Amino acid sequence: MHHIRYIVGFGDSLQKQTSIKKEAMSDSSNICLACGLCCDGTLIGYVQLDKEELPALKKVMTIETAGDNGFILHPCPSFCNSCTIYENRPKQCAKFKCELLKSVDENKLAFDTAVDVVALVKIKKATVEKKVGQLGYTLNSQSFYFKMAELKKLLLKTKLESSVTTEHLELIANLKELDSLLTENFGVSLN
């Protein structure tokens, strides 16, 4: 069973974030369209493409290639607050079901609660991104997933140099909380 852990001080932001058209979207497949955390690079850094789907996908989106293989680096170039190629999305995207979606599909979690979880993750992600900026870290990856791998290396270096500040500790705590939310609710970890 999934539990939402509310973060003290985020009540107003959560209210604003949950205005994701709940009343118009009760079908579990709509949770993907309302969420987008896999497409924006929060949960996944890239999508491997099957060779046979490359010609069709090249017509609807920009893809990366390495030899005969193709892949999409996240954030997906066809994601702009929602998937713009949902009906023609790659096979791996269509197959992917995070634990949150599975829970909604299996009626273990109400759609509205799932939307609240998504909103909470987006708030925590924004908090982490803001703190990274405040600390002056430069992260080169475009995908949040890969940025977090870069960040962990930088934080380890900071720890080894014994230059950890209160702001670093806050960022580490925010990262742990975000990772816990992702692990508990989506079955994906930033580790």
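This is a predicted model: local features need pLDDT of at least 70, side-chain atom pairs count only at pLDDT 80 or more; totals for chains, interfaces and linings use all residues.
Residues are numbered from 1 along each chain as its sequence is written, and local features were considered at pLDDT of at least 70.

Rolling a probe the size of a water molecule over the atoms shows where empty space is left. A pocket is here an open set of points, on a 1 Å grid over the protein atoms alone, where a 1.4 Å probe fits and protein lies on both sides within 12 Å along at least five of seven lines; lining residues have an atom within 4 Å of a point. The largest pocket holds about 550 Å³ of space, a volume being the space filled by probe spheres set on the points, which are joined across faces, edges and corners. Of its 32 lining residues, C32, C38, C93, A94 and F96 are the closest to the centre. The largest share of this lining, 5 residues, is contributed by α2, where helices (H or I, at least four residues) and strands (E, at least two) are DSSP runs numbered from the N terminus.

The second largest pocket contains about 240 Å³ of space, and α7 (144-160) and α8 (166-186) each supply at least two residues of its lining.

In the backbone, H74 and P75 are joined by a cis peptide bond with omega of about 10°, and P75 lies in the loop between β3 (69-73) and α4. The loop between β3 and α4 also holds N81, whose phi is positive, near 65°.

Note on methods: Side-chain values use heavy atoms; hydrogens and water are left out.
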